[in-house]
Amino acid sequence: MKLTVLGATGGIGQEIVRQALAAGHQVTAVVRDPARLSVPADGRERLDVATARFDDPEALRRAVAGRDAVLSGLGPRSTKQVGVASRLTRPVLQALEAAGTRRFLAVSAAPLGPVPEDETFFLRYIGTPLVSRVLRKHYDDLRIMEDDMRRSATDWTSVRPPKLTNGPLTGRYRTAVGASLRGGAKISRADVAHAMLAMTGDPATVKQAVAVAY
């Protein structure tokens, strides 16, 4: 496939780029600083690095035009950056609509989903409420992003992982379309990237929020 990866220098974004190239896809990595992108030797000839600013509609349109899918790892790297998910995703959605590119997947967060009826005691009454309170502004921003996605003309998927780790790619994780996962406490960034690439061609995930966790 021809893919564009947004937030390609982030933890999930770099994994999407690496795994997509390893799978033989043609990848356009959208970055602000190309020096921060670690480019694997294998598949380098299928990688195009684009320095598109999010306040430049034409540059964004060119970056997503003609692609089979656009995958976004955009999000804050610190509490000082809260608000960037919705602020940066909004012009991306506009660029997708202008270019006629339909498929769009973006990283969100597990606490936006409903609490499973059989959730563990710890996650129901301690873990999830505590994290949701501490990161309230971050999750509020992701809710705005998801609302914008729902209103867009894209074939969107919101990917909702729990706590992210720097663990290895395992390919062994659970997913739930339109629901949450019982006991889903963590997952590696590498496996989130793997799940996103798998969902790209899965029609069951279109216009859905999908939980992913171990």
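## Ala22 and the basis of the model

At 57% relative accessibility, Ala22 counts as exposed, where exposed means over 50% relative accessible area, buried under 20% and partly exposed in between, with a 1.4 Å probe and protein chains only. Ala22 is found in helix 1, residues 11-22; helices (H or I, at least four residues) and strands (E, at least two) are DSSP runs, numbered from the N terminus. From Ala22 to His194 the distance is 11 Å, C-alpha to C-alpha, although 172 residues separate the two in sequence.

This is a predicted model, in which local features need pLDDT of at least 70 and side-chain atom pairs count only at pLDDT 80 or more, while totals for chains, interfaces and linings use all residues. Residues are numbered from 1 along each chain as its sequence is written, and side-chain values use heavy atoms, with hydrogens and water left out.

Eight strands make up an open sheet with mixed pairing, in the order 3-2-1-4-5-6-10-8; two strands pair if DSSP finds at least two bridges between them. Strand 3 (47-50) and strand 8 (174-177) are the edge strands, each pairing on one side only. From one strand to the next the twist averages 20°.

Strand 1 and strand 2 run parallel and are joined by five bridges, with Leu6 standing opposite Val30 in strand 2. Strand 4 (residues 69-72) and strand 5 (residues 103-107) also run parallel, here with three bridges, and Ser72 has Ala106 of strand 5 as its bridge partner. Helix 6 (residues 189-200) lies across strand 1 (2-6), strand 4, strand 5, strand 6 (155-160), strand 8 and strand 10 (208-213), and runs at about 160° to strand 5; axes are lines fitted to C-alpha atoms, for helices over the stretch in contact, and angles run from 0 to 180 degrees between N-to-C directions.

## Buried strands

Four of the five residues of strand 2 (residues 26-30) are buried, so strand 2 is largely enclosed by the rest of the structure. For strand 6 the count is six of six residues buried, so strand 6 too is largely enclosed by the rest of the structure.

In a regular strand the side chains alternate between the two faces of the sheet. Both faces of strand 6 are covered, with Asp155, Thr157 and Val159 buried on one side and Trp156, Ser158 and Arg160 buried on the other. Five bridges join strand 6 to strand 5, the two running parallel, and four bridges join strand 6 to strand 10, again in parallel.

## Helix 2 against helix 3

Two packed helices are described by the angle between their axes and the distance between the axes. For helix 2 (residues 57-64) and helix 3 (residues 84-99) the angle is about 60° and the axes are 8 Å apart. Helix 2 passes helix 3 in a right-handed crossing; a crossing is right-handed if the near helix is turned clockwise from the far one by less than a right angle, and left-handed if anticlockwise.

The contact (heavy atoms within 4.5 Å) is made by Leu60, Arg61 and Val64 of helix 2 together with Pro91, Val92, Ala95, Leu96, Ala98 and Ala99 of helix 3. These residues divide into eight nonpolar, no polar and one charged, where Ala, Val, Leu, Ile, Met, Phe, Trp, Tyr, Cys and Pro count as nonpolar, Asp, Glu, Lys and Arg as charged, and the others, Gly among them, as polar.

## Two loop residues

Ala185 is found in the loop between strand 8 and strand 9 (186-188) and is partly exposed, with a relative accessible area of 40%.

Lys207 lies in the loop between helix 6 and strand 10, and at 41% relative accessibility counts as partly exposed. The phi of Lys207 is near 55°, a positive value in a residue other than glycine.
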